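User: I am new to this structure. Please show me how to read its features, one at a time.

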Amino acid sequence: MADTIDLYSDRGAKLKAGVDLGAISPLRNKAIKKIIHDTKRTAAVDLAGIEKALAAGRFGGKGRQVPKKAMNFDVVKNADKIVAKVADLIKVDAGDDTNVKSLNGGKQMLVQVPSARIEAGAEYVSSLTCASMGTIQAMIDTFDLNMFNVPEVKAAIMGQYPQTMDLAGGNVKSILEIPQKDEGLGHSLRNIMANHLAAVTKKNAMNTAALAGIYEQAGVFEMGNALGMFERNQLLGLAYQNLNADNIVYGTTKANGATGTIGTVVHSIVERGIEDGVIAPDKKMGSGYQMYKANDVSMWNAYCAAGTLAANLVNCGAGRSPQHTSSTLLYFNDIIEKETGLPGCDWGKVQGTAVGFSFFSHSIYGGGGPGVFNGNHVVTRHSRGFAIPCVAASVSLDAGVQMFTPEMTSGLVGETFGSVDEFREPIKAVAGAV
């Protein structure tokens with residue numbers, strides 16, 4: 001019998017009932033496919049940043065100021081001209097899906113290259129390259145630049161490229177990192193830092209978890225780890241942890257939000273698992289310790305995944321601090337294993353990830369805080385799909401206590417990608433597409 005789920009909003013309202021599990025697959029769901037496709041074809045251009053860099057003579061980031069090379073161009077005031085020229089340059093055919101528009105009074109520019117450019121390439125970098133080169137050409141035409149000042153304009157736009165591959169110090173960004181930064185095959189969609197995700201969804205914690213989960217699980221499909229019986233396991237995790245299937249995440253968080261702890265969330269998930277027949281009492285030890293058995297192993301993993309997110313929402317929400325994330329990932333799953341005798345989320349990989357995570361973000365290494373982590377990181381990549389959504393959601397609850405906040409690292413990405421409905425509200429988009 002096929003798995004069916006009910007999808008709920010980030011506020012606990014039922015969106016769709018009786019949804020076939022396969023309908024939320026990254027291979028089938030039109031909204032998820034659009035999110036992934038638009039991610040590859042979208043870039044953000046900081047027009048105000050370009051103007052400021054040129055006015056200061058600062059090309060390629062801090063510490064790279066060239067005295068007497070300052071240039072004063074009204075880039076923001078001419079945003080409409082630049083937008084029109086970029087759109088004309090990057091389009092393939094009249095009426096295609098090219099989308100270029102200015103935001104915030106011309107301070108930023110959203111560039112979505114036509115799908116034909118993505119389909120004609122081997123990689124996903126056409127958004128970055130065409131947005132960059134299009135902006136350079138638009139600046140040349142708008143301000144009548146010559147061969148003696150174009151290099152500086154190019155540096156203000158593309159930063160240190162090609163000396164650095166990632167356009168360091170430039171003013172064009174993609175939510176995706178460059179391919180050279182991927183830790184393995186299929187990791188591109190997992191290489192998005194938590195701060196970016198929180199900024200895009202305007203710090204809506206459940207939508208942040210949804211967007212993170214969509215990227216993580218789509219990456220799992222891309223790397224070949226969702227084949228055969230593993231496909232159902234990953235889809236159940238996506239449904240219950242990230243898309244609030246059967247309202248478990250929202251309901252559990254609401255029930256424990258006022259006075260709850262990690263331990264009370266464990267109790268809620270175990271009780272829900274027993275009630276729904278996912279787990280059942282098994283042997284009782286001589287000490288009185290009750291063992292449990294899983295009637296549906298992958299469904300139990302999905303419940304643990306939902307509980308892990310709910311525990312982070314409760315605990316990090318109470319502290320208004322994402323620094324609690326690593327300990328919550330660890331101890332929710334440690335306690336649930338001791339409570340039931342069953343494995344925790346992702347068969348212990350979330351718990352193991354949390355141990356390394358705490359070292360890199362809190363111990364002698366230092367790191368930089370949960371917001372700069374992603375699923376491609378050497379510490380966090382081992383749990384495929386189930387840890388990073390919790391990290392990103394916790395970052396959304398941050399009251400500003402990180403060294404590197406979303407406002408500091410992800411303002412441009414948040415403003416531009418957040419202007420697209422599917423990125424900003426993925427839960428509603430996915431439910432609407434089933």
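**Reading the features**

Analyst: Val 372, Met 403, Phe 404 and Met 408 make a nonpolar surface patch of about 380 Å². This is a predicted model, where local features need pLDDT of at least 70 and side-chain atom pairs count only at pLDDT 80 or more, while totals for chains, interfaces and linings use all residues. Residues are numbered from 1 along each chain as its sequence is written, and side-chain values use heavy atoms, with hydrogens and water left out.

User: What are patches made of?

Analyst: Patches take residues with over 30% relative accessible area and no salt bridge. Like charges are joined within 9 Å, and nonpolar side chains (Val, Leu, Ile, Met, Phe, Trp, Tyr) within 5 Å. Accessible areas come from the Shrake-Rupley method with a 1.4 Å probe; for residues, only the protein chains shown count as cover.

User: Where is Met 408, and why does Met 408 count as exposed?

Analyst: Met 408 sits in helix H16 (residues 406-409). Helices (H or I, at least four residues) and strands (E, at least two) are DSSP runs, numbered from the N terminus. Buried means under 20% relative accessible area, exposed over 50%, partly exposed in between (1.4 Å probe, protein chains only). Met 408 has 52% relative accessibility, so Met 408 counts as exposed.

User: How many salt bridges does a search of the whole structure find?

Analyst: Start with the general idea. Side chains of opposite charge can pair when their charged atoms come close. A salt bridge here is a side-chain nitrogen of Lys or Arg within 4 Å of a carboxyl oxygen of Asp or Glu. The search finds 20.

User: Which residue forms a salt bridge with Asp 38?

Analyst: Lys 34 does, with the closest N and O atoms 2.6 Å apart. Both residues lie in helix H1 (residues 30-41), four residues apart, about one turn of the helix. Asp 38 is buried at 4% relative accessible area. Lys 34 is partly exposed at 36%. Arg 41 also meets Asp 38 in a salt bridge, at 2.9 Å, N to O. Arg 41 and Asp 38 are three residues apart in helix H1, so about one helical turn separates them. Both are buried.

User: Which residues are linked with Asp 38 in a network of salt bridges?

Analyst: The network links Lys 34, Asp 38, Arg 41, Asp 97 and Glu 422.

User: How many aromatic pairs does the structure hold?

Analyst: Four. Rings of Phe, Tyr and Trp (its six-membered ring) pair if their centres lie within 6.5 Å; planes under 30 degrees apart count as stacked, over 60 as edge-to-face and the rest as tilted. One of the pairs is Tyr 240 with Tyr 303, tilted, 5.6 Å centre to centre and 40° between the planes. This pair links distant parts of the chain: Tyr 240 is in helix H9 (residues 229-242) and Tyr 303 in helix H12 (residues 297-319), 63 residues apart. Both tyrosines are buried.

User: What is Ala 294 in contact with?

Analyst: Contact means heavy atoms within 4.5 Å. Leaving aside neighbours within four places in sequence, Ala 294 is in contact with Val 278, Ile 279, Trp 300 and Leu 342. Ala 294 is found in strand E8 (residues 290-294).
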